[in-house]
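Welcome, and please take a moment to look over the structure below. The briefing that follows will walk you through it topic by topic.

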Amino acid sequence: MKIENNINTKPDVLKNKTEYRNFPMVPRVVFGRGSFGQLADILLPKRKNSDAPFIFLVDDFFEGSVLQERIPWLFNDQIIFISADEEPKTNQVDALVHKIKSDFDELPSGIVGIGGGTLLDISKAVAVMLGNKGNSEKYQGWDLVNSPSLYHVGVPTISGTGAEVSRTAVLLGPEKKLGINSDHTTFDQVILDPDLLATVPKDQWFYTGMDCFIHCVESLKGTYLNAFSESYGEKAYELCKQVFLEDLDSKIAEEKLMMASWHGGMSIAYSQVGVAHAMSYGLSYVLGTKHGLGNCLVFQHLQEFYPQGVALFHRMMDKHDIELPTHICTNLGQDKMDTMITVALSMEPLWENALGKDWKNNISREKLQSIYLKI
Ligand code: NAD
Ligand code: ZN
């Protein structure tokens, strides 16, 4: 156990000091079927006045759905439907902030994000940017946010990313895919209502669920592991095994995966992810591959790094008849391949967590290329 390693998100200058991260957790959370119905009561005391609206940023899957009718809008509140087809971008966040500022004379009372990791991250980033100046790309990195964000609430509708609990909002910027990692990013309130998961398509359920499983494997097998991360990681790993390998009642499986996502997020909050995530970032940057699918595409070929986890992953794929797309990188061309490898290797804390301080001597560009070519 190397607790001193757990300063991975601090600037280099602090890496030699024994300084432990003092990170925020979501201060308020509701869990339970139907708990979405409590949103109106939760928002009421947070309404500054009738001119300061709540802005609901909602996955456009829910446009015209029963859920839309249940959104508790009042006065001049606004519902903005957003597609989750692509990963969130800095210019998308900036455009939303611009729209909100020009639509209203005063700042909103808060932001409510309803959807998967994509909508949750957009909502966190918009809330941060409504309290801070400039463009969002300026805040991609660690602890660059100085002023508080707007009050923001997260309502996940698919389980796995842990975005509901994390202190980051991952954005694709002009130069990098990197989160706004800050104490102000974390939601002020989360509503965990398993009823909202009922419509998730099976493939997506698997990809996003595997994001959670892979968080656990990479955290538990990483050199940054400590008792804090281990306690959450082991619980989430166990829940994932039940959900994806046992024949649970579907409602129980939804509830367990929702909590696995939460615990997996808590586990990596105080450790780090590893090889699959680093390489998945490369895929996403060059090809726009979405996070959950990208992780699965890479992880299936990582036997040499995570033998037990990868064996279980293949059993889970078989049990649920999941077929991953193939030939993704076969005809990529060397230029794009090089960019992909460079992006993956730039995720230094992830490699250090996976392979130790000496990681640069234990991984090569050729190795990464050989893995990418299998995808
Ligand atoms: P997502 O939000 O990208 O959604 C995936 C698909 O599922 C979309 O088509 C969406 O419309 C659909 N969907 C969501 N809920 C649904 C429902 N209830 N019924 C039917 N369809 C539904 O999925 P995700 O995997 O949760 O999020 C991926 C994003 O999360 C990536 O952008 C990734 O970078 C980010 N992420 C963030 C963190 C973090 O800590 N902030 C961690 C991991 C991943
Ligand atoms: Zn992930």
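**A loop and a surface patch**

Leucine 74 sits in the loop between α2 (66-70) and β3 (78-82); helices (H or I, at least four residues) and strands (E, at least two) are DSSP runs, numbered from the N terminus. This is a predicted model, in which local features need pLDDT of at least 70, side-chain atom pairs count only at pLDDT 80 or more, and totals for chains, interfaces and linings use all residues. Residues are numbered from 1 along each chain as its sequence is written, and side-chain values use heavy atoms, with hydrogens and water left out.

- Leucine 74 counts as partly exposed because its relative accessibility is 35%; buried means under 20% relative accessible area, exposed over 50%, and partly exposed in between (1.4 Å probe, protein chains only).
- Together, Leu44, Leu74 and Phe75 make a nonpolar surface patch of about 300 Å². Patch residues have over 30% relative accessible area and no salt bridge, with nonpolar side chains (Val, Leu, Ile, Met, Phe, Trp, Tyr) joined within 5 Å and like charges within 9 Å. A salt bridge is a side-chain nitrogen of Lys or Arg within 4 Å of a carboxyl oxygen of Asp or Glu.

**The nonpolar cores**

- The largest nonpolar core has 60 residues, and those with the most contacts inside it are Phe213, Phe299, Leu302 and Tyr372. Such a core is a set of buried Ala, Val, Leu, Ile, Met, Phe, Trp, Tyr and Cys residues joined through side-chain atoms within 4.5 Å.
- Helix α5 (residues 202-220) gives this core its largest share, nine residues.
- Apart from this core lies another, of 25 residues, among them Phe104, Ile122, Ala125 and Val145.

**Helix α6**

- The 19 residues of helix α6 (residues 227-245) should span 27 Å at 1.5 Å a residue, which agrees with the 26 Å between its end C-alpha atoms. The expected span is 1.5 Å times one less than the number of residues.
- Buried residues of α6 include Tyr232, Ala236, Leu239 and Val243.
- The buried residues of α6 pack against α5, α7 (250-269) and α10 (307-319); contact means heavy atoms within 4.5 Å.

**Two buried residues**

- Threonine 289 is in the loop between α8 (275-287) and α9 (291-299), and counts as buried because its relative accessibility is 11%.
- Phenylalanine 313 belongs to helix α10, and with 0% relative accessibility it counts as buried.
- Not counting residues up to four places away in sequence, phenylalanine 313 touches Phe206, Met210, Phe213, Cys296, Phe299, Gln300 and Leu324.
- Phenylalanine 313 and leucine 245 are 68 residues apart in sequence, and 9.7 Å apart in space, C-alpha to C-alpha.

How values were computed:
Chains are lettered from A and ligands numbered from 1 in the order in which they are written. Accessible areas come from the Shrake-Rupley method with a 1.4 Å probe; for residues, only the protein chains shown count as cover.
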